[in-house]
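Let's take a friendly walk through a protein model, one region at a time. Have the sequence and the 3D view ready as you read.

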Amino acid sequence: MKRFKEKTIITPTGEIFPLLINSDTGIPDINSTLFILTQVRSKGKAAATIKYTLRNISFFKLLLEKYYMSEEFFVKRFEDGIILHHYELEGIIEDCKFKIDDIIDDIINTKNDKPLFKSLSLKSLEKFRSANYLDKRNFVDKATAGNRLRTIRDYVVWLANGYLGRAKINSLNFLTLKDNLKDFKEKIEARIPAKSSNSLIDGKEGLSEEEMKTLFDLINRKSENNPFRGEFLRSRNEVIFVWLIKFGIRKGELLNIKISDIDFRKKQVKILRRADDIDDPRINKPNVKTKSRILAIPDKIMEITEHYILDYRSKIRGAKKNEYLIVSGTDGNPLSLEAISVMFRRLRKKIPTLPDDFTAHTLRHTWNDNFSKLMDKKDISEEREQQIRNYQMGWRDGSKMAENYTKRHVREKANEAINEMAENLFKNSRNEHKK
């Protein structure tokens, strides 16, 4: 089985460039590298986006193998105007719904060198989709399936256009491939899952006031129930938690903050975009996805932060070699994104009542809920509230991103309205009876 793995290289200028490597030869895959350079990196996409795209291309290469095709053979078909036969396209679209382990099992279990869908009719394809078959499969979420299909569409279109650019215009094969490419795009796009209409029900929410109180009591560095061992870890993790919840910033933004970004006299911090920072030794560099901005630091947070810097960070060997605020307690290097994830898994384990999807990003949702309540209390206009929120979150002016972050607040306000209307209804009804 021909497998590919991701490898990230860092250039002398600090630029991060992920690649797809042939596991057997250790040689970078040519087509995916050219695609990333010309179609993704050239648009200024972040390393994380490139990695995700490469993962989807690797998945597509695996699907080609399932249908007994190498990518070289797939591209050679263009000479005859062929992209994918109907059974292949249908199979690939279906396979985008499943986890990669299921696809690997299909390849291993296929016998007699006969393609799984070689002689499938529409009737037998429906049998393939039957409940008995699907019960044995592990599905990915709709967003993942949709992103796989989009990447496959873009990658195949790029490959085909590369061939069309070299072919003789108006030749039969040229015209046939052009028509088949259009048909391929339409069929893929028709099967990309629509975004869920139940986002208000299924979407991520912030924490309740009770959950937040429990967390604050737990994460306090002096708490007897604090799950983290050692004074350094307790102090640093308290800083991580209070910065995430009180500023509503992303974990990547927090991990990008340098001590020099903090103005201790003015009590302000700069949240800056630092793409491919040459001083950052991390392979998986945290990214600031939003706009740069300056935020005020409340007195209590400044006190907790200064205590961590002066009493704990300064004593970690290696920490003086970099300026990053949040560092590892073992070597003083800038803390990794995975370390933050581990911290929140530890908190979930300590407090089983927390949501299963509780992560650092949950605190960004919580900040938005708390901000909405404050704006209601202060009777701030909706337009002004949006301006302040967009600045704090780093969103562009006029952004509607808040709709994704205020589900709990919207639901609570809706329930308050329902209860008040019901109370008024029964109150009026009682008055009518008295008459």
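This is a predicted model: local features need pLDDT of at least 70, side-chain atom pairs count only at pLDDT 80 or more; totals for chains, interfaces and linings use all residues.

Strand β1 covers residues 4-10 and strand β2 covers residues 16-22. The two run antiparallel, and seven bridges join them.

How many residues lie between the strands of this hairpin? There are five, and in this hairpin Gly 14 takes a positive phi near 90°.

Now look at strand β4, which spans residues 268-271. Strand β4 pairs with β5 in the antiparallel sense, over four bridges. To see this pairing residue by residue, find Gln 268: opposite Gln 268 stands Ala 296 in β5.

## A nonpolar patch on the surface

Next, turn to the surface. Ile 30, Leu 34 and Leu 37 form a nonpolar patch there, and together they have about 280 Å² of accessible area.

Ile 30 belongs to helix α1, which runs over residues 30-40. Is Ile 30 buried or exposed? Ile 30 counts as exposed because its relative accessibility is 60%, and the cut-off for exposed is over 50%.

Why does Lys 349 count as exposed? The reason is its relative accessibility of 73%, since a residue needs over 50% to be called exposed.

## Two residues compared in sequence and space

Our last stop is helix α17, made of residues 382-393, where you will find Gln 387. With a relative accessible area of 42%, Gln 387 is partly exposed. That label applies because partly exposed residues fall between the buried limit, under 20%, and the exposed limit, over 50%.

How far apart are Gln 387 and Gly 398 in space? From C-alpha to C-alpha they are 7.6 Å apart, while in sequence eleven residues separate Gln 387 and Gly 398.

Methods:
Residues are numbered from 1 along each chain as its sequence is written. Side-chain values use heavy atoms; hydrogens and water are left out. Buried means under 20% relative accessible area, exposed over 50%, partly exposed in between (1.4 Å probe, protein chains only). Two strands pair if DSSP finds at least two bridges between them. Patches are made of residues with over 30% relative accessible area and no salt bridge: like charges are joined within 9 Å, nonpolar side chains (Val, Leu, Ile, Met, Phe, Trp, Tyr) within 5 Å. Accessible areas come from the Shrake-Rupley method with a 1.4 Å probe; for residues, only the protein chains shown count as cover. A salt bridge is a side-chain nitrogen of Lys or Arg within 4 Å of a carboxyl oxygen of Asp or Glu.
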